[in-house]
Amino acid sequence: MAVSAVVGLQWGDEAKGKIVDLLTDQFEIVVRYLGGNNAGHTVMFDGSTYKLSLLPAGILRPGVTSVIANGVVLNPKALLSELKSIKDQGVEPGNLLVSDRAHVIFPYHMAEEAILEKNRGEKAIGTTMRGIGTCYRDKIGRTHAIRVGDLYRPDHFRERLQEVVEYKNVILKALDPSAETVCADAIYDEYCGYAEQISGMVTDTTAFLHRALKDNKNMLFEGAQGSLLDIDHGTFPYVTSSNSSGCGIQAGSGVPSRVIDRMIGVVKSYTTRVGGGPCPTELHCEIGNHIRTEGNEFGTVTGRPRRCGWFDAVATSYGARVSGVDCIAVMLLDVLSKLDELKICEAYEIDGERTTDLPSQIQDLERAKPVYRTVPGWKKDITGVRRMEDFPKEARQYIDTVSELVERPVEFVSIGPDRDQTVIL
Ligand code: IMP
């Protein structure tokens, strides 16, 4: 498996970090290609918990080179503080490279996002407030964007920042007359400081990855968020601002997707969603609360309680098709162990019509009523299971149903947070 990718097939938080961490000892290079410090990856091993946001999970494995590629939006302050926090936990971070093509998140991105979200009231996207969407907007708009490489050309950077900040202050005031403005000189000094601290990591990562491919290095692409949060293919507008499905790999890294030998889709054994937007299988009842408590479903980045519901095979199989995955990893199966019976959404009913397609328009998804298949629970502790044949037959039936409806073979089942609590088929 020279080149593999791990992507989430739902609305993020599928526990991709655990699968990436499990696989990283087979890879020399781990690449993060999208998003920013909006993502949250929790990795547990040897009794320690590591919370990663911007750093690829490969950072925890000695000998692995981690790459933050061009498609990421980089908050350098967040990067430095995350590096410090893992060092404080006793991990010496492996080699880390940061693309000089990545776009930089500045304080005005966060300020603008806070006002935009507040002004939308009930229609707020429910973003992580990390300046992700506003930074990507500048990237696509081009005229007010600043990339990592610009930080190392002081005259150009100062001039550019003056121009951008002047414009941003006009926008901030227009959006909210009580908004505080930002100061170009202060930002310049602050960001020159960050640039100096990360200078040893900054490089043309695209050229690095191309050389690595030529040298037949094993490479793993680490997804963030999930396929249903993809800006083009997700549940727009309640999505993140990048291509968080498998579609983002090529644009976000410069590596053509045709070189990927194995695409692994990660799914939770139920559904969670944070922020706004429809979630047809969401449970507003005791079972939803039970899943939230058992699964500790609170955001890694924001601490927000996640919305919980039954496994949605319509949404997930769509995610699998868009991302083009070969197989799936079913995560957090142990969370369902205490329930008498389980439901899996196998179709939607919209205005009396049954469909297994994910609607392209949000208004249609809002009206979708889940059609459920009910299967028995196993009511046994499965956290010690290490082989497929040792699962209770009801748990195997559940895994088989997920596989049948997502139309992909299951190759991993996770039954606890630790590295070894994984059944690999
Ligand atoms: P943004 O990425 O901060 O702009 O947020 C846009 C939407 O994506 C919001 O609904 C967020 O809650 C969601 N989101 C962003 N990152 C993650 C993640 O890592 N896991 C789950 N949801 C996320």
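Predicted model: local features only at pLDDT ≥ 70, side-chain atom pairs only at ≥ 80, totals over all residues.
I started at the ligand and looked up Gly-126: a polar backbone atom of this residue sits 3.3 Å from an oxygen atom of the ligand.

Next I checked side chains around the ligand. Asn-38 puts a polar side-chain atom 2.9 Å from a ligand oxygen. For Arg-304, I found an N or O atom of the side chain 2.9 Å from an oxygen atom of the ligand. I then looked at how much of the ligand is covered: alone it exposes 470 Å², and the protein buries 97% of that.

Who lines the site? I get 16 residues around the ligand, and the ones that come nearest are Asp-13, Asn-38, Thr-128, Thr-240 and Arg-304. Sorted by class, the shell has 8 polar, 6 nonpolar and 2 charged residues.

Then I moved on to helix α9, which spans residues 286–294. Which of its residues are buried? I noted Gly-288, Ile-291 and Arg-292. Why do they end up on the same side of α9? Their arc around the axis is only 100 degrees, so they share one side of the helix.

Looking for what covers the buried residues of α9, I can list β13 (307–309) as one of the elements.

Last entry on this helix: I checked what comes after α9 and found Asn-296 with a positive phi, near 50 degrees.

How values were computed:
Residues numbered from 1 in each chain as written. Heavy atoms only, no water. Near = heavy atom within 4 Å. Polar contact = N/O pair within 3.5 Å; in protein donor to acceptor, adjacent residues only side chain to side chain. Areas by Shrake-Rupley, 256 points an atom, 1.4 Å probe, with all protein chains shown as cover. Nonpolar A, V, L, I, M, F, W, Y, C, P; charged D, E, K, R; others polar. Buried < 20%, exposed > 50% of the residue type's maximum accessible area, 1.4 Å probe, protein only. Helix = DSSP H or I, 4+ residues; strand = E, 2+ residues; numbered from the N terminus. Arc of directions from axis to C-beta. Contact = heavy atoms within 4.5 Å.
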